[in-house]
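Dear colleague,

Please find the structure below, handed over for your study.

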Amino acid sequence: MARDMGPVLKKCRSLGIEPAVLGISKKSNRKFLRAGKKVSEYGTQLREKQKAKFIYGVEERPFRINFVKAQKLKYGTVGENMLIRLELRLDNVIFRLGFARTRREARQIVTHRHVTVNGKLVLAPSYIVSVNDAIAIKESAKSSQRYKDVLEATNGRLVPAWLTSDREALSGTVAAIPTRDQIDVPVNETAIVELYSK
């Protein structure tokens, strides 16, 4: 599985993303300067796609597959459906519930066999959860120091309205499908749809 292991803060600067969107509390004092260059329409669209891929930690092939599946849905716009599918990924849900500091850590937690969905172990970070799915950290992992540290670090993080979280039990439920208003990622999904439609 390919992973982007480059410097996170540098990538945030180049894409114009606040590190807090990724769950990172650090801030960079450096400014990324584009030397007054005008960005073409294609360049703007490409940048929006790169932002979405970077925020959710998804490579090109699975991102494209996600877009194709969003096109086939009968409700909503393609761009909104694409973001909703990205939000419903298991690694993102773990991050949103506050059981991981970042989506990278959430992905690691899933692949290390710590997460169950409806009582069954799930190893794929890309697993798409459904309404009423119960997500939990498995019993044998709950007592580890890692989760005590994570809960302390994510104590002030708001859990979205489409999820319910029980921090003491390290479990949560998908209460509803998220709407675009509930997805707080700084991405113009329309530009991504236009890029893929060319």
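The axes of helix 3 (residues 60-72) and helix 9 (residues 189-196) come within 12 Å and cross at roughly 95°. Axes are lines fitted to C-alpha atoms, for helices over the stretch in contact, and angles run from 0 to 180 degrees between N-to-C directions. Helices (H or I, at least four residues) and strands (E, at least two) are DSSP runs, numbered from the N terminus. Helix 3 and helix 9 are therefore roughly perpendicular to each other (65 to 115 degrees). Their contact (heavy atoms within 4.5 Å) involves Glu 60, Phe 63, Arg 64 and Phe 67 of helix 3, together with Ile 192, Val 193 and Tyr 196 of helix 9.

This is a predicted model, in which local features need pLDDT of at least 70, side-chain atom pairs count only at pLDDT 80 or more, and totals for chains, interfaces and linings use all residues. Residues are numbered from 1 along each chain as its sequence is written, and side-chain values use heavy atoms, with hydrogens and water left out.

Turning to the sheet, five strands form an open sheet in the order 2-1-3-5-4, with antiparallel pairing (two strands pair if DSSP finds at least two bridges between them). Strand 2 (120-121) and strand 4 (163-166) are the edge strands, each pairing on one side only. Strand 1 and strand 3 pair over three bridges, and Thr 116 has Ala 136 in strand 3 as its bridge partner. Helix 5 lies across strand 1, strand 3, strand 4 and strand 5 (171-174), and runs at about 60° to strand 4.

Yours sincerely

Key:
Parallel < 35°, antiparallel > 145°, perpendicular 65-115°, else oblique.
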